[in-house]
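I opened my notebook to look up a few local features.

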Amino acid sequence: MTFFIDTHCHLDAAEFDADRDAEYARAVTGGVGIQIVPAVSRDNFAAVAAACARYSGCLPAWGLHPMYIHVHRPEHLADLRVQIKVQRPVAVGEIGLDLFVKDLNYATQEFFYVEQLKIAKDHDLPVLLHCRRANDELLKHLRKIGVRGGIAHAFNGSPQQA
């Protein structure tokens with residue numbers, strides 16, 4: 001059987017509250033057999049878990065997104081480790097760096113990104129990367145920490161960087 005895998009589907013998001021079942025059904029009808037639902041903060045772990053429990057083709061990824069650094073706290077990294085043990089994900093994500101949005105503190109993004117790469121390495125998991133205008137910075141840490149693999153979205157780098 002051949003099917004598509006959507007490696008980045010925020011089916012848990014509030015925007016889908018009114019028609020989540022229909023959205024999932026459309027994807028399945030369109031040939032999407034697996035949808036990876038990445039977390040963006042500790043506060044949405046439960047929503048991701050609920051979507052993955054409700055839809056057989058959905059699998060979780062646990063992570064702390066760089067655009068939500070205003071809500072992340074260092075102790076959320078321990079919560080992420082616990083969540084990985086409670087329900088093993090297919091990846092750590094959505095994680096990364098975003099230099100497109102100007103009011104996001106880079107040092108804080110970098111801290112959470114590096115720590116999550118370490119968590120992915122510790123659990124031998126790939127990563128789902130968010131990368132906007134931060135290709136060299138993102139790659140520097142990937143080379144240093146050496147995770148199992150993964151995917152990148154919002155990527156605007158060169159073929160060599162990819």
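**Entry 1: the pocket**

I sorted the lining of the largest pocket by residue class and got six nonpolar, seven polar and two charged residues. I keep in mind that the model is predicted. In total, 15 residues line this pocket. I looked for those nearest its centre and noted His10, Ala13, Val40, Asn44 and Tyr68. For the volume of the largest pocket I wrote down about 270 Å³.

**Entry 2: salt bridges**

Next I turned to charged side chains. I found ten salt bridges in the structure. I looked at three of them in detail.

I began with arginine 20 and aspartate 17, whose side chains meet at 2.8 Å, N to O. Are the two partners buried or exposed? Arginine 20 has 16% relative accessibility, so I list arginine 20 as buried. Aspartate 17 has a relative accessible area of 53%, and I list aspartate 17 as exposed. The cut-offs I applied are under 20% for buried and over 50% for exposed.

Then I checked lysine 140 and glutamate 110, which form a salt bridge at 3.9 Å, N to O. Which helices hold the two residues? I place lysine 140 in helix H5, residues 135-145, and glutamate 110 in helix H4, residues 106-122. The pair therefore ties together parts that lie 30 residues apart in sequence. Lysine 140 is partly exposed, at 40% relative accessible area.

Salt bridges with shared partners also join Asp19, Glu23 and Arg26 into one network. Within it I looked up the bridge between aspartate 19 and arginine 26, at 3.8 Å, N to O. Aspartate 19 is partly exposed, with a relative accessible area of 29%. Arginine 26 is partly exposed too, at 47% relative accessibility.

**Entry 3: aromatic pairs**

Last, the rings. I describe a ring pair by the distance of the centres and the angle of the planes. The structure holds three aromatic pairs. One of them joins phenylalanine 111 and phenylalanine 112. I noted 5.1 Å centre to centre and 80° between the planes. How is this pair classed? I logged the pair as edge-to-face, because planes over 60 degrees apart count as such.

I also looked up how accessible the two residues are. Phenylalanine 111 is partly exposed, with 37% relative accessible area. Phenylalanine 112 is buried, at 4% relative accessibility.

How values were computed. Residues are numbered from 1 along each chain as its sequence is written. This is a predicted model: local features need pLDDT of at least 70, side-chain atom pairs count only at pLDDT 80 or more; totals for chains, interfaces and linings use all residues. Side-chain values use heavy atoms; hydrogens and water are left out. Rings of Phe, Tyr and Trp (its six-membered ring) pair if their centres lie within 6.5 Å; planes under 30 degrees apart count as stacked, over 60 as edge-to-face and the rest as tilted. Buried means under 20% relative accessible area, exposed over 50%, partly exposed in between (1.4 Å probe, protein chains only). On a 1 Å grid over the protein atoms alone, a cavity is a set of points where a 1.4 Å probe fits but cannot get out, and a pocket is an open set with protein on both sides within 12 Å along at least five of seven lines; lining residues have an atom within 4 Å of a point. Grid points are joined across faces, edges and corners, and a volume is the space filled by probe spheres set on the points. Ala, Val, Leu, Ile, Met, Phe, Trp, Tyr, Cys and Pro count as nonpolar, Asp, Glu, Lys and Arg as charged, and the others, Gly among them, as polar. A salt bridge is a side-chain nitrogen of Lys or Arg within 4 Å of a carboxyl oxygen of Asp or Glu. Helices (H or I, at least four residues) and strands (E, at least two) are DSSP runs, numbered from the N terminus.
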